[in-house]
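Please open the structure in your viewer and keep the selection tool at hand.

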Amino acid sequence: MKKLKVGLISFAHGHAYSYLASLAAMPEVEIVGIADESQSRVASIVERTGLPYYADYRELLATDADAIVICSENVHHARHAIAAAEARKHVLCEKPLGISVSEMERMIAAARDNGVQLMTAFPCRYLPAVTGAKAAIERGDIGDIVAVKGTNHGTNPGGWFTDRALSGGGALLDHTVHVMDLLNWMIGSEVKEVYGYAASRFGETKIDDAGLVHVKFAGGAFAVIDTSWSRPKSFPTWGDVTMEIIGTKGSISVDGFAQKNEVYSDLAGKGSWSYWGDDMDRLMIESFVGSLLEGRPVPITGEDGLRSAAVALAAYESAKLGQLVAL
């Protein structure tokens, strides 16, 4: 069996743990190492797995890895992805793809110029409710899409996410991109206008933890996304992904994480969600690996990542100016 050799750069983002677990469960994958400038962050993983550890990501890129998964702080995505592409490694990069349009364009160009593929990590495309809605839209079940109300609420993740020097932005950047990618994927029309709101409303942090993004598409549809870190620590889970999609012939309600049981325990002291449904991270990783092994284009490209992040960046500009921003 031909195996895909994969390395991971940074465990700064929590998704790295589930990506590693998904890769480790695949017989067609060989994990060749982990690179992280913070040894303490990955010490327990290295000890448990026995995987090679590299303090310098460039040492990992010098190995015979075929592909690299990047879960570093947002401001490092471009540097890591471009270096990986120049080392002739395929790349799966955590969202948001980058923190400026120019650096994301450089990431895409580096992958193209070096003959490798760049995939953006948007696992929400693999949620059953999302794939079902996409299929219904393609069948014409609700006619032409007129409007969408979406949410990607969350709990403030703290740490480097609230340090603009590492994150590039707060809730508006962190949570716009997931739902925006789904809208781009389903509507299939370019965003032409963006109006954004960003503020600190729910905590002590100075970075934005509240956000609303209004977009108008070239085809005439419009959408609004609530991207706030508005969920308290006592909330049953970290957040949600929902959409109310209105068409000319009907509507679809999407609850991305509806595959769950509600658990009430005196030991926990609060309610919690026990998720029993499909593992979107695993499905995304399998799609990435399968595409590379079979020589197919990856399903979620760097261009997809750029289109979604560009809307979030335009929303910040709009919030600063207090007016619509054209894309």
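A salt bridge is a side-chain nitrogen of Lys or Arg within 4 Å of a carboxyl oxygen of Asp or Glu. This is a predicted model, in which local features need pLDDT of at least 70 and side-chain atom pairs count only at pLDDT 80 or more, while totals for chains, interfaces and linings use all residues. Residues are numbered from 1 along each chain as its sequence is written, and side-chain values use heavy atoms, with hydrogens and water left out.

**Stop one: a salt bridge within a helix**

Select Asp304 and Arg307, whose side chains form a salt bridge with an N to O distance of 2.5 Å. Both residues belong to helix 10 (residues 302-321), where they are three residues apart, about one turn of the helix. Helices (H or I, at least four residues) and strands (E, at least two) are DSSP runs, numbered from the N terminus. Asp304 is buried, at 12% relative accessible area, whereas Arg307 is partly exposed, at 41%. Here buried means under 20% relative accessible area, exposed means over 50%, and partly exposed lies in between (1.4 Å probe, protein chains only).

The whole structure contains 17 salt bridges.

**Stop two: two further salt bridges**

Which parts of the chain does the pair Arg164 and Asp208 link? Select both side chains, which meet in a salt bridge at 3.8 Å, N to O. The pair links distant parts of the chain, 44 residues apart: Arg164 is in helix 7 (residues 164-167), and Asp208 is in the loop between strand 8 (191-199) and strand 9 (210-217). Arg164 is partly exposed, with a relative accessible area of 44%, while Asp208 is buried, at 5%.

Next, select Arg41 and Asp36, which form a salt bridge with their closest N and O atoms 2.8 Å apart. Arg41 is partly exposed, at 23% relative accessible area, and Asp36 is buried, at 2%.

**Stop three: the cysteines**

How many disulfides does the structure hold? The number is zero; a disulfide is counted when a pair of cysteine sulfur atoms lies within 2.5 Å. Select Cys71, which takes part in no disulfide and has the sulfur of Cys93, 8.0 Å away, as its nearest cysteine sulfur. Because the sulfur of Cys93 is 8.0 Å from its closest cysteine sulfur, in Cys71, the separation is too far for a bond. Cys71 is buried, with a relative accessible area of 1%, and Cys93 is buried as well, at 0%.

**Stop four: the backbone**

Most residues other than glycine have a negative phi, and most peptide bonds are trans. Bearing this in mind, select Lys95 and Pro96: the peptide bond from Lys95 to Pro96 is cis, with omega near -15°. Pro96 sits in the loop between strand 5 (90-94) and helix 5 (101-113).

Move to Arg88, in the loop between helix 4 (77-86) and strand 5. The phi of Arg88 is near 65°, a positive value in a residue other than glycine.

Finally, select Ser10, in the loop between strand 1 (4-9) and helix 1 (15-24). Is Ser10 buried or exposed? With 5% relative accessibility, Ser10 counts as buried. Its phi is near 75°, a positive value in a residue other than glycine.
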